[in-house]
Amino acid sequence: MLDLEHIIVFSAWLCGGFISGVSGIGGAMFAVPIAAAFIPMHEVIVLSCILNLAMDAGICVMQYRFCRVTAVLPMLAGAIPGSFAGLYILKYVSGGVLQGGVGLLLLFYVWWQYASRKTKPRGESWPVGAAAGLAAGLLGTAISFDGPPVGAYGLYAGWQPRVFLGTMSVFFVLRSTLTCTLQGMAGLYTPSVISYAMVGVPATFLGALLAYPLTKRIPQLVFRRVLMMIIAVAGASCLLRSLL
């Protein structure tokens, strides 16, 4: 019989899978703060990395044909050293500091979404792509949020929506596979994390599947505004709990 924690994991990542299926990013940012209210932060981060891989794999299956492989290569080159640095942070930084970092990044993400509306595309760039991959590898492994740096690069490059989804999903699958391998080798997969993952993986697939036929029907502007409000509240909540 499922306990409260497993129900929370299923519900949070069902919604997270749906959000990422519609917008490409934001699923973990929605789910992690909810789960962190019931589960220790270190476990939530490791769990989120596993579920991000499942979530991104589901999106990748549906959108990979729009991927720009040439754009993935510099991001992946930067993500490799970034992932090793992120693993060090995850292992040795306290849960309170990690939660505060999550809160700050969520609030920064909301600000970036507002500011990015004024950004003019400049095309793809190896140095900028590698820098985005480095930041995504570090943040993705340390706190499971690899979306903002790559999302910013997608806007910088001027990708169309489906190219955005396809390219990011392929990159996220490759980067998350590296992260999960490193975390597994470091002994971070406890029995409780595995039990939560067994509930969360089908939830992410179901959420992404539900999003697929609705992608063209949901008003993107309204959806993103509501999502930004939710993420802002979640970020403030994480930051506040880290200070108590």
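In this predicted model, helix α7, which spans residues 147–157, is mostly covered, with eight of its 11 residues buried. The buried positions are Gly147, Pro148, Pro149, Val150, Gly151, Tyr153, Gly154 and Ala157. These residues pack against five helices, namely α2, α4 (69–92), α5, α6 and α8 (161–185). Just after α7, Gly158 adopts a positive phi of about 80°.

The loop between α6 and α7 contains Ser144. This residue also has a positive phi, of about 70°, although Ser144 is not a glycine. Ser144 has a relative accessible area of 1% and is therefore buried. One of the contacts of Ser144 is with Ser48, a residue of helix α3. Ser48 itself counts as buried because its relative accessibility is 0%. Beyond the neighbours within four places in sequence, Ser48 is in contact with Trp13, Ala28 and Val32 as well as with Ser144.

The largest nonpolar core of the model comprises 40 residues, and Trp13, Leu47, Ile143 and Phe145 have the most contacts inside it. Two or more residues of this core come from each of the helices α1 (4–23), α2 (27–36), α3 (41–63), α5 (95–115), α6 (126–143), α9 (191–211) and α10 (220–243). The greatest contribution to this core is that of α3, which supplies 11 residues. Another core, of 18 residues, lies apart from the largest one, and its members include Cys60, Ala71, Ala132 and Val173.

Gly58 has a relative accessibility of 11% and so counts as buried. Along the chain, Gly58 and Ser169 are 111 residues apart, while their C-alpha atoms are separated by 8.7 Å.

A contrasting separation is found for Glu124 and His42. These two residues are 82 positions apart in sequence, and their C-alpha atoms are 35 Å apart in space. Glu124 belongs to the loop between α5 and α6. With a relative accessibility of 32%, Glu124 counts as partly exposed. Setting aside neighbours within four places in sequence, the contacts of Glu124 are Arg68, Thr70, Ala71, Tyr153, Ala157 and Trp159. Among these, Tyr153 and Ala157 are buried residues of α7, and Ala71 is a member of the 18-residue core.

Two cavities of 30 Å³ or more are present in the structure. The second largest cavity has a volume of about 30 Å³. Its lining consists of Gly21, Ile59, Met62, Gln63, Ala208 and Tyr212. Helix α3 gives the most to this lining, with three residues. Sorted by class, the lining of the second largest cavity includes four nonpolar residues and two polar residues, with no charged residues.

A search of the whole structure for disulfides returns zero. A disulfide is a covalent bond between the sulfur atoms of two cysteines. In the case of Cys15, the closest cysteine sulfur is that of Cys238, at 16 Å, which is too far for a bond. Cys15 is partly exposed, with a relative accessible area of 34%. For Cys49, the closest cysteine sulfur is that of Cys180, and the separation of 6.0 Å is again too far for a bond, because a disulfide requires the two sulfur atoms to be within 2.5 Å. Cys49 is buried, with a relative accessible area of 2%.

Conventions:
Residues numbered from 1 in each chain as written. Predicted model: local features only at pLDDT ≥ 70, side-chain atom pairs only at ≥ 80, totals over all residues. Heavy atoms only, no water. Core = buried A, V, L, I, M, F, W, Y, C linked by side-chain atoms within 4.5 Å. Buried < 20%, exposed > 50% of the residue type's maximum accessible area, 1.4 Å probe, protein only. Helix = DSSP H or I, 4+ residues; strand = E, 2+ residues; numbered from the N terminus. Contact = heavy atoms within 4.5 Å. 1 Å grid on protein atoms, 1.4 Å probe; cavity = no way out; pocket = protein on both sides within 12 Å on 5 of 7 lines; lining within 4 Å. Points joined across faces, edges and corners; volume = space filled by probe spheres on them. Nonpolar A, V, L, I, M, F, W, Y, C, P; charged D, E, K, R; others polar.
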